[in-house]
Amino acid sequence: MSWQLYSLTFRLKSPLHIGFHKVMHLFRTRPYVLAKPFWGALTAKLTRQLGLTDYEKIGEFLKKAMRFGYFYPSVEDKVFIPCYTEEGLKFGDLAQIDFEKRFLSSFASTSIESDSLTAEEGMLHEVEFLSPYTMGGKPVFLKGLLWVSDFSEEKLSIDFEDDDFLISHDGIQIKFSGLVNTLQVGGERKYGFGLLKLDNKKGINKVDTPKNLKDLGFNGTWEYDGEDIILELKKNEALWSHAYNSDLKIKGSLEPIVGRDWSDRGAGRKLSSYGLCWAPGSVLIEEATFKITQDFGLWERQ
């Protein structure tokens, strides 16, 4: 099995809400896209384009064939990845408060009682989102990494083609760049949130060399070993994915990672916990090697 790295860049075309936590009536967003929402959007669209209804089968195939990175805001080729510093949490060269002023906004809404045409008690809520434009009016992009293997299973397979690749099922071939030309990810999608469009110039970029990820805006170097993608980060470099809480010597923030998965009752009916993980931005006190797991891009210490 061989692996190929692709750099993906999307133009954010509408507000984006990636659920984080709730403070009073405010539903906060993460300022980046985790692997699972991207995988979910990819699974849903690919299943429909193949003319299938077995979303679980397609989703499991993508988890085996791909290893996912997170997608971070990017403006004018600068990627804003979190990092804990002596001055506090920063995104790129921006302090957290400056980043949030520039990139985040919110809207409030409430339910109306039909009889009195007044707001229903306790129904006011406010949703925070990553804006498609910065406070200064510059368009916002999302940049991330995707590793793809020449994997095949039953009637499903992946074949590399020049700078792109094909996903095939029973004679039907879907070009990846066409599949992800537009995607909708995250929450509040029925209100038009989360619309992504592949950037015309830098949308999908096959990365042949080097295996140092610095040129792409991310920390570390990578290689593959059979079914595994291996990342090596140096001392004082920050994580850009969640990492399982093992014997890491690290300083940063711990978060419980919980999600909804498939069950016999359907999609999203099973509550799954991946335990406490170190959040993106946490800084290594010593160099460490990680494996990108099939658990939606979570890292595991090697």
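At 26% relative accessibility, Glu 188 counts as partly exposed. This residue of the predicted model is found in the loop between S17 and S18. Glu 188 is not a glycine, yet its phi is positive, at about 60 degrees. A positive phi in a residue other than glycine also occurs at Asp 77, where the angle is near 70 degrees. Asp 77 is placed in the loop between strand S5 (72–75) and strand S6 (78–79). With a relative accessible area of 58%, Asp 77 is exposed, because the threshold for that class is over 50%.

The largest pocket was examined next. About 1100 Å³ of space lies in the largest pocket. The pocket is lined by 40 residues, of which Lys 36, Pro 37, Gly 40, Gly 259 and Arg 260 are the closest to its centre. Two or more lining residues are given by each of S2, helix H1 (35–49), strand S17 (182–184), strand S24 (254–263) and strand S25 (266–278). The largest share of this lining comes from H1, which supplies 10 residues. Sorted by class, the lining of the largest pocket comprises 20 nonpolar, 11 polar and 9 charged residues.

Strand S2 (residues 19–23) contains Gly 19. Gly 19 has a relative accessible area of 52% and is exposed, since that value is over 50%. The C-alpha atom of Gly 19 is separated by 7.4 Å from that of Gly 186, although the two residues are 167 residues apart along the chain. When residues up to four places away in sequence are not counted, Gly 19 touches Arg 28 and Arg 30.

Arg 28 in turn takes part in the salt bridges of the model. The structure holds 16 salt bridges. One of them is formed by Arg 28 with Glu 128, the closest N and O atoms being 3.0 Å apart. This pair links distant parts of the chain, with Arg 28 in strand S3 (residues 26–29) and Glu 128 in strand S11 (residues 125–130), 100 residues apart. Glu 128 is buried, with a relative accessible area of 9%, because buried means under 20%. Another salt bridge is formed by Glu 154 with Lys 57, where the closest N and O atoms are 3.3 Å apart. Here too distant parts of the chain are linked: Glu 154 lies in the loop between strand S13 (152–153) and strand S14 (156–161), Lys 57 lies in helix H2 (residues 55–65), and the two are 97 residues apart. Glu 154 counts as exposed at 70% relative accessibility, whereas Lys 57, with a relative accessible area of 30%, is partly exposed. The side chains of Glu 87 and Lys 90 also meet in a salt bridge, at 2.7 Å from N to O. Glu 87 is exposed, its relative accessible area being 66%. Salt bridges that share partners join Arg 28, Glu 100 and Glu 128 into one network.

A charged residue without such a partner is found at Asp 199. Asp 199 is buried yet has no salt bridge, and the nearest side chain of opposite charge, Lys 202, is 6.2 Å away. Asp 199 is located in the loop between strand S18 (195–198) and strand S19 (204–207). Its contacts, not counting residues up to four places away in sequence, are with Thr 9, Phe 10, Arg 11 and Phe 141.

Phe 165 is a further buried position, with a relative accessible area of 0%. Phe 165 belongs to strand S15 (residues 164–169). Not counting residues up to four places away in sequence, Phe 165 touches Tyr 6, Met 66, Val 148, Ile 158, Asp 159, Phe 160, Ile 174, Lys 175 and Phe 176. Phe 165 and Arg 102 are 63 residues apart in sequence, and their C-alpha atoms are 36 Å apart in space.

Conventions: Residues numbered from 1 in each chain as written. Predicted model: local features only at pLDDT ≥ 70, side-chain atom pairs only at ≥ 80, totals over all residues. Heavy atoms only, no water. Helix = DSSP H or I, 4+ residues; strand = E, 2+ residues; numbered from the N terminus. Buried < 20%, exposed > 50% of the residue type's maximum accessible area, 1.4 Å probe, protein only. Contact = heavy atoms within 4.5 Å. 1 Å grid on protein atoms, 1.4 Å probe; cavity = no way out; pocket = protein on both sides within 12 Å on 5 of 7 lines; lining within 4 Å. Points joined across faces, edges and corners; volume = space filled by probe spheres on them. Nonpolar A, V, L, I, M, F, W, Y, C, P; charged D, E, K, R; others polar. Lys, Arg positive; Asp, Glu negative; His and termini not counted. Salt bridge = Lys/Arg side-chain N within 4 Å of Asp/Glu carboxyl O.
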